[in-house]
Amino acid sequence: MTPPDEPILPGSTLGVLGGGQLGRMFVHAAQAMGYRTAVLDADPESPAGLVSQHHICTGYDDPQGLAELARLSAAVTTEFENVPAAALAALAAQCPVSPAAAAVAVAQDRVQEKAHFARCGVACAPYAVVETAAQLATVPAALLPGILKTARLGYDGKGQVRVPTAGALAAAWDALGRQPCVLEKMLPLALECSVIVARGADGTIVHLPVQRNLHRGGILAVTEVFAGNLPRALAERALAAAMAIADGLQYVGVLCTEFFVLQDGSLLVNEIAPRPHNSGHYSQDACDLSQFELQLRTLARLPLTPPRQHSPAVMLNLLGDLWFAPGGGEQPPPWAAVLALPGTRLHLYGKREARRGRKMGHLNVSGATPEAARATALQAAALLG
Ligand code: ADP
Ligand code: MG
């Protein structure tokens, strides 16, 4: 359905497909501005469903659930890129939806995603598509050692197998269920960074500062954002690439682009996420507009003004592992001691059960200077263990 030209004003209901933590933080941002929300997620205890005025407990492919979401909502967005693009397309026939199903479909599939990067003139890691057993034999030797990644449905390092030699390729493909994959060359990374842009329906585009990210075990662990966290020329190249990628998709919404920086200084795009991103959480406490408010503004067609970061920031991800003390026994981390550190803000997602590797929350740390923010983050990390 064609989106309205007029802004959708506070008091209206906005819908979210997916009930995870990103949806929860969108709901918080929308409610803070006086909107009502409707979340569709099959889990009765989903983090976003728990805090939304309306929670439709059905699967993403349930026509009745989707119709109910469309009936309640003035416009709908998504918080989870693995929502079937078909569900977004079905919704779009009934109410305004952003980002569009076609853009989400590109981000859902590593093969389409890489083709889009090429169309935008942005380099990515050398790769080969592996869709059949026969293609395994034709993979160029120069791609090894590499990482075999499922084309669809991977996240947080899941759906990936490291492949040291050509001889290990067939077993890796078996381990991933013989589904369409890409084999990427394993690159010597100097660092990783990401950029969040918000693009409105009128083509206005704004961005958050370039974020420097540290991953552990394929999962984001720490994001640092302050002047000097990256060489300026590199940050400018990343920004230009992220904007070209969003423009090329005619994207409406918040889009995160992840990059690799190699030891020789070259910048390669890794992947995109058609939604707010874990590496943008610092914006909740260190910027005058958070990534969730940017998502709200794009969805409600409110003005997009350039966000300004007012404090140097470090974000620590809080995985379920922190709940398991070394001596055994499940206990919450020492929140009171962490919050006694000035400049710390705790965000927890309301998940009842802590599991290893599960994202339970994050800690935003800000400071007057980068050194102060880093020092506090180190103290917090020491307390968390
Ligand atoms: P996910 O969808 O799980 O985030 P990514 O493709 O971003 O998957 O991979 C997760 C992490 O694994 C990356 O952030 C990076 O640290 C590492 N990684 C992925 N691909 C490569 C590569 N080709 N070379 C080196 N490291 C990689
Ligand atoms: Mg990633």
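**Around ligand 1**

Reply: Let's start with one contact: in the side chain of Glu-184, an N or O atom is 3.0 Å from a nitrogen atom of ligand 1. The protein covers 92% of the 550 Å² of accessible area that ligand 1 has on its own. Keep in mind that this is a predicted model.

Lys-149 has a polar side-chain atom 2.6 Å from one oxygen atom of the ligand, and for Gln-160 the distance from a polar side-chain atom to a ligand oxygen is 2.8 Å.

How many residues surround ligand 1? There are 19, and the closest are Lys-149, Gly-157, Glu-192, Asn-270 and Glu-271. Sorted by class, this shell has eight charged, six nonpolar and five polar residues.

The protein is divided into domain 1 (13-97), domain 2 (126-185) and domain 3 (189-384). Domain 2 and domain 3 each give at least three residues to the shell around ligand 1.

The loop between helix 6 (133-136) and strand 6 holds Pro-145, and the peptide bond from Leu-144 to Pro-145 is cis, with omega near -5°. On the way from strand 6 to strand 7 (160-163), the loop contains Leu-153. Leu-153 is not a glycine, yet its phi is positive, at about 70°. Leu-153 counts as exposed because its relative accessibility is 55%, and the cut-off for exposed is over 50%.

With 48% relative accessibility, Arg-178 counts as partly exposed. Why point these spots out? Most residues other than glycine have a negative phi, and most peptide bonds are trans.

Another cis bond runs from Ser-98 to Pro-99, with omega near 0°. Pro-99 sits in the loop between helix 3 (85-92) and helix 4 (101-107).

What about the cysteines? The structure holds zero disulfides. Cys-95 is in no disulfide, and the nearest cysteine sulfur, that of Cys-57, is 19 Å away. Cys-95 is buried, because its relative accessibility is 2%. Cys-181 is in no disulfide either, with the sulfur of Cys-124 as the nearest cysteine sulfur at 16 Å. At 0% relative accessibility, Cys-181 is buried as well.

Finally, here's a stop in helix 9 (residues 283-286), which includes Asp-285. Is Asp-285 buried or exposed? Its relative accessibility is 14%, so Asp-285 counts as buried. Its side chain makes a polar contact of 2.4 Å with the side chain of Arg-345, and another polar contact, of 2.8 Å, joins Asp-285 to the side chain of His-347.

Methods: Residues are numbered from 1 along each chain as its sequence is written. Chains are lettered from A and ligands numbered from 1 in the order in which they are written. This is a predicted model: local features need pLDDT of at least 70, side-chain atom pairs count only at pLDDT 80 or more; totals for chains, interfaces and linings use all residues. Side-chain values use heavy atoms; hydrogens and water are left out. A residue is near a molecule or strand if one of its heavy atoms lies within 4 Å of it. A polar contact is a pair of N or O atoms within 3.5 Å; within protein, one must be able to donate a hydrogen and the other to accept it, and residues adjacent in sequence count only if both atoms are side-chain atoms. Accessible areas come from the Shrake-Rupley method with a 1.4 Å probe; for residues, only the protein chains shown count as cover. Ala, Val, Leu, Ile, Met, Phe, Trp, Tyr, Cys and Pro count as nonpolar, Asp, Glu, Lys and Arg as charged, and the others, Gly among them, as polar. Domain bounds come from an automatic or database domain assignment. A disulfide is a pair of cysteine sulfur atoms within 2.5 Å. Buried means under 20% relative accessible area, exposed over 50%, partly exposed in between (1.4 Å probe, protein chains only). Helices (H or I, at least four residues) and strands (E, at least two) are DSSP runs, numbered from the N terminus.
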